[in-house]
Amino acid sequence: MGAISIRKVVKRYGLGHKANQVIHGVDAEIADGEFVVIVGPSGCGKSTLLRMVAGLEDISDGEIAIGGRVVNDTEPSERDIAMVFQNYALYPHMSVFDNMAYGLKIAKVPVAEIKTRVDKAARILELGALLSRKPRELSGGQRQRVAMGRAIVRQPQVFLFDEPLSNLDAKLRVQTRLEIQKLHRELGVTSLFVTHDQVEAMTLAQRMIVMNAGRMEQIGTPEAVYQRPATTFVAGFIGSPPMNLLRGQADGSRFTLAGQALALPVSAPRGGELILGLRPEHAALARNGAAGWPLKVEMIEMLGAERLVHGRVGDAPFTVRIDGTLHPPQPGDLVHVRMNGDHLHWFDATSQQRV
Ligand code: ADP
């Protein structure tokens, strides 16, 4: 019913030799009822892709289908979608009820049906007690819930979310994230959600699309993307702090980095120039005198349950996550790092693809 097919989609702004291509052939199949997050840094083309699905931007090349129907030339109002934006775009002079009901009134839905749908949405979003208030009498989180309510009452095949949590403070973001998850569990509507925040993507997505410079770097479950990043870009973007990436020469169970040959806990997959990836939680400080890779400590960050030890291995930045109760090294110390051999990632130094 609400599946979305994105096939070889290209977007160019402008015409002829002045055209600027910002989406370079994206392919993705989103199943009916699935919650997919598009994540990537600012300017990578996430909103443009979402807006092409919505019909707010023309598709320069390729095809988008919703529910099996190609919608390239279909008006937004005919696509059976509802969109939730970052700025809630509520009508300030209308009550919460009227804000949610407005689109249905315009569509000439019978009054009794409107009331049923708005009441149901208000119940799901816990807005029942606020229906007669004006938007200015609501908190930011409540306003965003009204904006979601307005999308729900339309009973669309697809929800499109464009950074809907960006205007909320940290605590409300977490709370609203949980509400969106609950909403999806209850309604099971296909959802496409855009964010630049990788934590938001990891926590909300059934599958995520990681984008970089107008290209899809990887699509998969949060676990798959985290555990087996397809490229160095994904390795560095997903996870906080990011994966350590070291460029060097692999030769069996040795890795040469800035002239130092260091022992690997397991053999490299092949010889030659490679990038070795290791997450900060998969490294540990070696006990006094034990062997390991030399790390020149530059800075310690206390996060409560854990500390981050930042420094350099050779000339490459490197971070180790340690238990917050351990006595930390000091800036300027030379310590040794052990790596968990089960969690080494290898990338081709030229293509930046996983080996
Ligand atoms: P994101 O949502 O990932 O931050 P966007 O989809 O907004 O990125 O933008 C992708 C690229 O397209 C950017 O380089 C941006 O400058 C460009 N772009 C977006 N909208 C327009 C436009 N209307 N005209 C020209 N270029 C645009």
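Tutor: Start with a definition. On a 1 Å grid over the protein atoms alone, a cavity is a set of points where a 1.4 Å probe fits but cannot get out. A pocket is an open set, with protein on both sides within 12 Å along at least five of seven lines. Grid points are joined across faces, edges and corners, and a volume is the space filled by probe spheres set on the points. This is a predicted model: local features need pLDDT of at least 70, side-chain atom pairs count only at pLDDT 80 or more, and totals for chains, interfaces and linings use all residues. Residues are numbered from 1 along each chain as its sequence is written, and side-chain values use heavy atoms, with hydrogens and water left out.

Student: Why use a probe to look for empty space?

Tutor: A probe the size of a water molecule, rolled over the atoms, shows where empty space is left.

Student: How many cavities of 30 Å³ or more are there, by this rule?

Tutor: The count is one. The largest cavity holds about 40 Å³ of space.

Student: What makes a run of residues a helix or a strand?

Tutor: Both are DSSP runs, numbered from the N terminus: helices are H or I with at least four residues, strands are E with at least two.

Student: How do the residues of that cavity lining divide into nonpolar, polar and charged?

Tutor: Seven are nonpolar, three are polar and none is charged. Nonpolar covers Ala, Val, Leu, Ile, Met, Phe, Trp, Tyr, Cys and Pro; charged covers Asp, Glu, Lys and Arg; the others, Gly among them, are polar.

Student: Now the largest pocket. How much space lies in it, and how many residues line it?

Tutor: It holds about 590 Å³. There are 25 lining residues, and Ile 81, Ala 82, Met 83, Gly 103 and Arg 154 lie nearest its centre. Strand 6 (81-84), helix 2 and helix 4 (140-152) each supply at least two of the lining residues. Helix 2 has the largest share, six residues. By class, the lining has 18 nonpolar, three polar and four charged residues.

Student: Why is Ile 106 called exposed?

Tutor: Buried means under 20% relative accessible area, exposed means over 50%, and partly exposed is in between (1.4 Å probe, protein chains only). Ile 106 has 53% relative accessibility, so it counts as exposed. Ile 106 sits in helix 2 (residues 96-106).

Student: What makes Tyr 91, Tyr 102 and Ile 106 a patch?

Tutor: Patch residues have over 30% relative accessible area and no salt bridge; nonpolar side chains (Val, Leu, Ile, Met, Phe, Trp, Tyr) are joined within 5 Å, like charges within 9 Å. Tyr 91, Tyr 102 and Ile 106 form such a nonpolar patch on the surface, with about 270 Å² of accessible area together. Accessible areas come from the Shrake-Rupley method with a 1.4 Å probe, and for residues only the protein chains shown count as cover.

Student: How do you know that Asp 61 and Arg 12 form a salt bridge?

Tutor: A salt bridge needs a side-chain nitrogen of Lys or Arg within 4 Å of a carboxyl oxygen of Asp or Glu. For Asp 61 and Arg 12 the N to O distance is 3.4 Å, and their side chains do meet in a salt bridge. Asp 61 is in strand 4 (residues 61-66) and Arg 12 in strand 1 (residues 4-13), so the pair ties together parts 49 residues apart in sequence. The structure holds 18 salt bridges.

Student: Arg 270 and Asp 348 form another salt bridge. Is Asp 348 buried or exposed?

Tutor: Asp 348 has 18% relative accessibility, so it counts as buried. Arg 270 has 34%, so it is partly exposed. The N to O distance of this pair is 2.6 Å.

Student: Why is helix 1 (residues 46-54) described as largely enclosed?

Tutor: Seven of its nine residues are buried, so the rest of the structure largely encloses helix 1. Leu 49, Leu 50 and Val 53 are among the buried ones. Just after helix 1, Gly 55 takes a positive phi of about 95°.

Definitions and conventions
On a 1 Å grid over the protein atoms alone, a cavity is a set of points where a 1.4 Å probe fits but cannot get out, and a pocket is an open set with protein on both sides within 12 Å along at least five of seven lines; lining residues have an atom within 4 Å of a point.
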